[in-house]
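Dear colleague,

I am passing on the structure we spoke about, with notes on what turned up in it. Please look at it alongside the text below.

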Amino acid sequence: MATSDNPDKGDSHIPGEVSRADAGTFNGKHILLAVSSGIAAYKTPYLVRGLRAAGAEVEIILTANAHRFVSPMALQAVSGRSVRQDLWDEEAEAAMGHIELAKWADVVLIAPATANTLAKLAGGLADDLLSTVCLATEAPVVLAPAMNQRMYRHPATQQNLRTLDDQGYHVIGPDSGDQACGDTGPGRMTEPEDIMLQLEAFVAPALQAGLLTGKKVLVTTGPTVEAIDPVRFISNHSSGLQGLAIAEAARLAGAEVTLVAGPGVADCHAGIHRLDVRTAEEMYNAVHANLSGVSLFVGVAAVADYRPKQAAEQKIKRSGEAGASMHIELTENPDIIASVAKAAERPAVVVGFAAETNNTHAHASDKRLRKGLDAIVLNDVSDPTIGFNSSNNAATLIYAQGEVVFPRQSKQQLANSLIGQIPEIFAQQLAGTNPASMTK
Ligand code: PMT
């Protein structure tokens, strides 16, 4: 049995306080953290602290050799509970039997999940506490793989991950980077704070109800880039995180999700159909090629409204004259969301985002009507702690009959709340009983 499926090393990021999930995010939730034997296990005390700070109760299981990478005593100290290491521990079983533990969990998180653990789970083995609990639980099981990049790329591991995906396991990461063995590549465990952000999606009750089961959802995210010449472009600060979170929340709510992503947007879950584009025109084409049968369209992308009329074929040179100015003629890009709202195959519900800096409510409401949208999500991006390129956001969902205010929270939490609310607000439209747009 492998004891170490290699590992991360030399972190540029040493987690201190895991602070990106809001206090209360996991209030009262039971999280069963299973730690298998990889070096990334040393990060798990930070994870436990973060989960508890966000309100969770955490029980911990270690696999046979995980104590070589993280001290059970440290985990006991941060979790406030004794750590379980053996299926045959009579005392622990008397306190809470392994089947009870499987029932207790709202979410089972395996971090790090080594190649050996993935193989065991894919094969349905039940020869230790972790594998037994995973077979017995009805809670979502979330895996954060960590191993050497060759082990990760090995066809056996890839096949195991596909099998686990088919069986309904959820996978977070891994990240790519330097590894302890000197290799570079995929296999680093996702950082604890990012694991927490993604875990939020599993504790939102609305998402577990499968609110969008059987529906097609199309999401745009990220910036677009518009070439000035072969080396320069017009773009903006969008990271694509908010749209990624919306796509993930919709996927977890049971939807079949297509994500049209601008450049630089991070990876998404393999279950999301992703199309990468660069320019507004490419985004427009990708959206219209995938509009058929879509029930909910969410335009989160920060699309460049204008592009240079003519991108120079060669790099533009300085004129050489002191104080010289130059002009770039711009032409308007297509308004993607407005065209979706007018399309013959208009989705039942069309939701836009508005990044505003002044007169925010008036501008967003006006945009909603002008573009023919059912709802618009207003974020005030004059606040540097939210919006573009931040992990947090605060927003107001504005629709014809009312509005809902979402205070500052993580983008995943906001996405979960929005995807929890939208099917409720537009239930009739999504059910097809009121196909007319409610934009007035
Ligand atoms: O990507 P992140 O770093 O996570 O940041 C998230 C965000 C701030 C980008 C996001 O929350 C947001 O506000 N997105 C909309 C950004 C914007 O600038 O919107 P807008 O006011 O230009 O456009 C309004 C709506 O029309 C949007 O739904 C937009 O996608 C859409 N639009 C705009 C122009 C255009 N040519 N086509 C469009 O479809």
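Which residues lie nearest the centre of the largest pocket, and by how many residues is it lined? The lining has 31 residues, and Gly173, Gln198, Asp267, Cys268 and His269 are those nearest the centre.

Please keep in mind that this is a predicted model, in which local features need pLDDT of at least 70 and side-chain atom pairs count only at pLDDT 80 or more, while totals for chains, interfaces and linings use all residues. Residues are numbered from 1 along each chain as its sequence is written, and side-chain values use heavy atoms, with hydrogens and water left out.

A pocket here is an open set of points, on a 1 Å grid over the protein atoms alone, where a 1.4 Å probe fits, with protein on both sides within 12 Å along at least five of seven lines; lining residues have an atom within 4 Å of a point. The largest pocket holds about 990 Å³ of space, a volume being the space filled by probe spheres set on the points, which are joined across faces, edges and corners. Because domain 1 (30-202) and domain 2 (208-311 + 326-431) both contribute to its lining, the largest pocket lies between them; the domain bounds come from an automatic or database domain assignment. At least two lining residues each come from helix H8 (155-166), strand S6 (175-178), helix H9 (192-203), helix H11 (241-252) and helix H15 (411-425), where helices (H or I, at least four residues) and strands (E, at least two) are DSSP runs numbered from the N terminus. By type, the lining of the largest pocket divides into 14 nonpolar, nine polar and eight charged residues, with Ala, Val, Leu, Ile, Met, Phe, Trp, Tyr, Cys and Pro counted as nonpolar, Asp, Glu, Lys and Arg as charged, and the others, Gly among them, as polar.

H15, one of the helices in that lining, has eleven of its 15 residues buried, that is, under 20% relative accessible area with a 1.4 Å probe and protein chains only. Among them are Lys411, Leu414, Leu418 and Pro423.

The second largest pocket holds about 860 Å³ of space and is lined by 44 residues, with Val300, Ala301, Ala302, Val303 and Phe353 nearest its centre. Strand S16 (349-356) is among the elements that give two or more residues to this lining, and its four residues are the largest share. The lining of the second largest pocket comprises 20 nonpolar, 17 polar and seven charged residues.

With best regards

Methods. Buried means under 20% relative accessible area, exposed over 50%, partly exposed in between (1.4 Å probe, protein chains only).
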